[in-house]
Amino acid sequence: MKEATIEIEDKIDELLTCLDKDIQHIQECSLQLNELRSLVVKRNDASLGKLLETIRVESDSYRSCESQRQSIREELAIAIGCNTRQMTLSRLEAVLPKEKKAQVAERKAKLRVLTEELKKEHLSTALLLSDCARFNSLLLKSIFDLGSTGIVCYNSNGATKRQDDTAFVNLSF
């Protein structure tokens with residue numbers, strides 16, 4: 001029985017380490033979303049490309065932490081005697097000694113706050129990108145529909161008449 005308790009405590013320590021990595025990752029994601037919005041507004045394509053590559057690399061490396069957390073969760077579920085789906089931080093708190101319970105509760109509260117902050121950052125970024133797409137669409141429509149009145153004129157034969165007085169835009173890239 002004592003070995004099982006030591007094994008559970010070791011798994012709890014591993015879980016706390018993993019939760020600390022989760023906290024750090026969420027904080028970094030919030031900062032990256034804020035920076036992403038800033039770079040989009042500034043139209044800094046070079047820095048934006050670098051940031052997106054950094055995000056991709058970090059998300060690939062974070063997958064190992066996610067799989068480690070899931071593995072620890074499964075092992076703790078078996079040790080406690082519950083289903084993996086039922087294994088939550090709240091459920092874990094209920095069976096832990098006072099010291100470990102406080103550590104898990106602290107991480108859980110911090111994760112909850114950071115998750116809410118990340119949701120706000122994500123929504124702000126999604127709204128900005130949606131507005132950018134809408135503005136780009138309107139701009140392209142106004143450029144390509146320039147001079148087009150939307151009125152179709154027919155000649156006496158029933159064929160459409162071409163407007164010769166349409167405006168053209170000289171664009172250089």
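**Entry 1. Terms and model**

I began with accessibility: a residue is buried under 20% relative accessible area, exposed over 50%, and partly exposed in between, with a 1.4 Å probe and protein chains only. The structure is a predicted model, in which local features need pLDDT of at least 70 and side-chain atom pairs count only at pLDDT 80 or more, while totals for chains, interfaces and linings use all residues. Residues are numbered from 1 along each chain as its sequence is written, and side-chain values use heavy atoms, with hydrogens and water left out.

I took helices (H or I, at least four residues) and strands (E, at least two) as DSSP runs numbered from the N terminus.

**Entry 2. Salt bridges**

I counted as a salt bridge a side-chain nitrogen of Lys or Arg within 4 Å of a carboxyl oxygen of Asp or Glu. Side chains of opposite charge can pair when their charged atoms come close. How many salt bridges does a search of the whole structure find? The search finds twelve.

I looked up E75 and K11, which form a salt bridge with their closest N and O atoms 2.5 Å apart. This pair links distant parts of the chain, since E75 is in helix α2 (residues 45-80) and K11 is in helix α1 (residues 2-42), 64 residues apart. E75 is partly exposed at 33% relative accessible area, whereas K11 counts as buried at 17%.

I then looked up D13 and K100, whose side chains meet in a salt bridge at 2.3 Å, N to O. D13 lies in helix α1 and K100 in helix α4 (residues 98-144), so the pair ties together parts that are 87 residues apart in sequence. D13 counts as partly exposed at 33% relative accessibility, and K100 is buried at 12%.

I also noted a salt bridge between E93 and K108, with the closest N and O atoms 2.8 Å apart. E93 is in helix α3 (residues 89-95) and K108 in helix α4, and the two are 15 residues apart. Is E93 buried or exposed? E93 counts as buried, because its relative accessibility is 11%. K108 is buried as well, with a relative accessible area of 18%.

Finally, I recorded a network of salt bridges that links E53, R56, D60 and R63.

**Entry 3. Nonpolar cores**

I used the term nonpolar core for a set of buried Ala, Val, Leu, Ile, Met, Phe, Trp, Tyr and Cys residues joined through side-chain atoms within 4.5 Å. In soluble globular proteins, nonpolar side chains tend to be buried together.

The largest nonpolar core has 16 residues, of which I12, L15, L76, M87, L92, L96 and L111 touch the most other members. Helices α1, α2 and α4 each supply at least two residues of this core. Which helix gives the most to this core? Helix α1 does, with six residues.

I followed L15 and took contact to mean heavy atoms within 4.5 Å. Leaving aside its neighbours within four places in sequence, L15 is in contact with R69, I72, L76, L89 and L92. I found a second, separate core of five residues, including L36, V40, L48 and L51.

L31 has its place in helix α1. L31 and E121 are 90 residues apart in sequence, and their C-alpha atoms are 8.7 Å apart in space.

I compared helix lengths with the expected span, which is 1.5 Å times one less than the number of residues. The 47 residues of α4 should span 69 Å, and its end C-alpha atoms are 68 Å apart, which agrees. Buried residues in α4 include V104, R107, L114 and T125.

Helix α2 has 36 residues and reaches 51 Å from its first C-alpha to its last, close to the 52 Å expected. I noted a kink of about 25° in α2, centred on S61; the bend at a residue is the angle between axes fitted to the seven residues ending there and the seven starting there. Among the buried residues of α2 are Y62, C65 and A77. After α2 comes G81, whose phi is positive, near 90°.

**Entry 4. Cysteines**

I searched for disulfides, each a pair of cysteine sulfur atoms within 2.5 Å. The search of the whole structure finds zero. C65 is buried, with a relative accessible area of 5%, and C82 is buried at 13%.
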